[in-house]
Amino acid sequence: MNGEILSELILGKTISESIYTELKERISSLKSKGTTPGLAVVLVGTDPASEVYVRMKGKKCEELGMHSVTITLPENTTQEELLKKVGELNNDKSIHGFLVQLPLPSQIDEKTVINAIDPKKDVDCFHPTNVGKMLIGEPEFLPATPAGVQQMLVRSGVDTKGKHVVVVGRSNIVGKPMAAMMMQKGNGADSTVTVVHSRTKDLPGMTRQADILIVAMGKPNFVTADMVKDGAVVIDVGTNKVDDPASPKGSRLVGDVDFEKVKEKASAISPVPGGVGPMTISMLMANTVAAAERAAR
Ligand code: NDP
């Protein structure tokens with residue numbers, strides 16, 4: 001590449017709006033046949049960030065005309081009590097999908113709880129059955145954040161076929177499923193995938209090879225312009241709260257990518273906020289609608 005690169009913004013906020021428009025049609029079709037898609041969210045304790053996410057999910061359900069249930073349990077809830085609630089939701093016909101908001105208090109084992117969720121209602125796609133199905137290319141659900149990233153690429157017209165995708169981060173929630181999805185056969189995938197993490201030698205040397213760079217580290221502004229190839233597509237999953245005395249709140253959200261500098265080099269880039277964040281909720285809603293459609297068949 002030479003000369004100026006005018007980078008295109010990949011705005012999850014805008015893309016998610018068109019997803020909601022499509023979902024509304026599917027929801028009204030389901031309702032006309034007597035099914036209202038239902039999502040339940042279980043929140044244990046009073047983690048402020050979790051409370052915000054749970055409120056956002058409930059609000060979006062209501063906007064879409066879906067049935068929404070929020071179950072709030074006290075911080076000292078036992079694992080048995082939570083498992084009982086999970087069992088009730090598994091058997092509740094009005095609930096097509098549900099999730100238990102993470103993190104959970106230390107007396108509760110997250111894996112035991114996730115394993116107790118009926119895979120058909122596991123709209124977070126954390127249950128090992130659903131992770132396995134995704135890996136073999138026969139997904140029941142796709143995990144919301146990586147699915148959101150994939151939709152951002154597809155709906156922005158980014159060609160992924162044969163492209164080198166470098167995923168920074170290997171968490172079970174973002175990095176690993178992201179890599180697994182991009183290496184599948186088909187539209188929005190068919191990529192050659194490299195996953196890098198904190199034990200990777202020469203991280204900048206690896207990220208510079210990316211045609212499409214997907215960053216999910218949780219390290220504010222870590223990816224600098226010298227780590228990005230000219231013309232690369234950059235998707236920033238990172239969501240980090242940093243101090244900002246100039247802001248009325250005293251803080252602001254930034255991604256893992258040094259947006260201002262990297263946008264001078266990238267052909268397309270997603271901002272934070274307004275990038276991956278809004279996509280995650282839209283994919284959760286899409287999973288719930290898909291679960292309701294399957295249940296209604
Ligand atoms: P984790 O902390 O679980 O994983 C972070 C990953 O980044 C790890 O694999 C870690 O490597 C790697 N990493 C950390 N530091 C470095 C480094 N210096 N060099 C190379 N690799 C490094 O985070 P998540 O995957 O859950 O989340 C990542 C970010 O995405 C966070 O900011 C989070 O808030 C955000 N997020 C945003 C969502 C959204 O909807 N927008 C949804 C989910 C997450 P190692 O494994 O070796 O430790």
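I began with a rule: a polar contact is a pair of N or O atoms within 3.5 Å; within protein, one must be able to donate a hydrogen and the other to accept it, and residues adjacent in sequence count only if both atoms are side-chain atoms.

I noted that this is a predicted model, where local features need pLDDT of at least 70, side-chain atom pairs count only at pLDDT 80 or more, and totals for chains, interfaces and linings use all residues. I also kept in mind that residues are numbered from 1 along each chain as its sequence is written, and that side-chain values use heavy atoms, with hydrogens and water left out.

**Domains.** I found domain 1 at 33–136 and domain 2 at 143–276, with bounds from an automatic or database domain assignment. Their centres, taken over C-alpha atoms, are 27 Å apart.

**Interface.** I looked up the area buried between domain 1 and domain 2 (accessible area lost on being put together, 1.4 Å probe, summed over both). It is about 520 Å², and carbon and sulfur atoms give 73% of it. On the domain 1 side, Phe-126, Met-134 and Leu-135 lose the most area, together 67% of what that side buries.

Which polar contacts cross the interface of domain 1 and domain 2, and how many? I got two residue pairs, both at pLDDT 80 or more.

**Cysteines.** I counted zero disulfides, taking a disulfide as a pair of cysteine sulfur atoms within 2.5 Å. Cys-61 is buried at 0% relative accessibility, and Cys-125 is buried at 3% (buried is under 20% relative accessible area, with a 1.4 Å probe and protein chains only).

Conventions: Buried means under 20% relative accessible area, exposed over 50%, partly exposed in between (1.4 Å probe, protein chains only). Buried area is the accessible area (1.4 Å probe) that two parts lose on being put together, summed over both.
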